[in-house]
Amino acid sequence: MPENSIPAPTNNNANQCPCIMPDNSVVFQVKAPNAQKVQIDLGKKYDMEKGADGVWSVRTEPIVPGFHYYFLVIDDVPVADPASQSFYGTGKMTSAIDISEEGVDFYEIKDVPHGALSSKYYYSEYTKSWRHLFVYTPPGYDKNTREKYPVVYIQHGGGEDETGWAVQGKTDIILDNLIAEGKAKPMIVVISNGNVRAPGGGFGGYSSQGMAPFKEEMTKNIVPFIDENYRTLTDAKNRAICGLSMGGGQSFYVGLESPAFFGSVGVFSTGLFGGIRTSGSGFDAEKEIPGLLSESEKFNKNLDLFYISCGEQDMRIEHTKKAVKTMRDSGLDVEFNSFPGDHEWQVWRKSLHDFASRVFQ
């Protein structure tokens, strides 16, 4: 390991690189004596240099704190780096490096009471298949057997699945720390797979019709399964839905269209408001959710919390701010926050931390 470096926490072997330098540049190494060209693709491609021992190495520019997917590119073929843990996050298993942010420890394991993150399977009558989800139960859930809890349903983004919030997002650790600090109510968090195909059809996209398969799955299968198998408070005021990117779009439509199910809605870094589309007339809140602007008081009455967030370097940020202003100008109560970072997990961890501290209060 290079002098003054520390191993990345996402390494498979703590005594090897990738290594993080004091300025947050990263040293990568790989032994590939027969390769002709080796690169690291970290959003930007870095050419590695081959040593006499067949070990290729490179030191990157300083990398902003947060969670970054990357590929090892050998002779133009991108592959997962065997030196790092792999995560499902770009539509395939992908290497990643997690760079700590100074003074930010809300997603680090601490000496506090810990809840449980359980893996569960349920049968979907909609997809006619067994599906998988994770359930976080707060500290004391197994001891306080008469207590019932509010529930947050949290959704991943495109190219991801239910492992995202369970692994990259560190949902259980964030909730453990918030609850221990008295900044969040003890709650159940359900992390489901939002990749739902309509029978005989494909994925829909950003529209009410496009989100209909997920809405059907959530309201007809997931929520009933959780209410049947866990001690939940089953009224809308004690049920919330939130998500990142694609999951933010799902939460926007399903949450706002289903007031009988959800009393709080969180939308993190969605492209629904703009920033990812190259054509079209832009986002029209009234068209997407009839009455959202013209009958804002009705939505204010039904919603305990309507929360929107975005990364400050995300291409979606200005579109999001514009949509929030339009909604606020119509009288809709919207809580908005932004965090340093692009379209990545450090922003979404902070979004969950902020949302969970506000919901059910």
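**Entry 1: charges over rings**

I started at Tyr 107 and found the charged end of Arg 349 sitting over its ring, 4.5 Å from the centre. I kept in mind that this is a predicted model. Next I looked up Tyr 141, where Arg 231 lies over the face of the ring, at 4.0 Å from the ring centre.

**Entry 2: ring pairs**

How many aromatic pairs does the count come to? I got 21 aromatic pairs. I picked Phe 252 and Phe 273 from the list: the ring centres are 5.9 Å apart and the planes stand at 85°, which is over 60 degrees, so I noted the pair as edge-to-face. Where do these two residues lie? I placed Phe 252 in helix α4 (residues 246-257) and Phe 273 in the loop between β17 (264-268) and α5 (285-288), so this pair ties together parts that are 21 residues apart in sequence. Buried or exposed, I wondered of Phe 252 and Phe 273? Both are buried.

**Entry 3: two tryptophans in α8**

I then turned to Trp 345 and Trp 348, whose ring centres are 5.3 Å apart with the planes at 80°, so this pair is edge-to-face. Both belong to helix α8 (residues 345-358), where three residues, about one turn of the helix, separate them. I checked accessibility too: Trp 345 has 1% relative accessibility and counts as buried, and Trp 348, at 4%, also counts as buried.

**Entry 4: the cluster**

Which residues do ring pairs link into a cluster with Trp 345 and Trp 348? I wrote down Trp 165, Phe 268, Tyr 307 and Phe 355.

Conventions:
Residues are numbered from 1 along each chain as its sequence is written. This is a predicted model: local features need pLDDT of at least 70, side-chain atom pairs count only at pLDDT 80 or more; totals for chains, interfaces and linings use all residues. Side-chain values use heavy atoms; hydrogens and water are left out. Rings of Phe, Tyr and Trp (its six-membered ring) pair if their centres lie within 6.5 Å; planes under 30 degrees apart count as stacked, over 60 as edge-to-face and the rest as tilted. Helices (H or I, at least four residues) and strands (E, at least two) are DSSP runs, numbered from the N terminus. Buried means under 20% relative accessible area, exposed over 50%, partly exposed in between (1.4 Å probe, protein chains only). A charge sits over a ring if NZ of Lys or CZ of Arg is within 6 Å of the ring centre and within 35 degrees of the ring normal.
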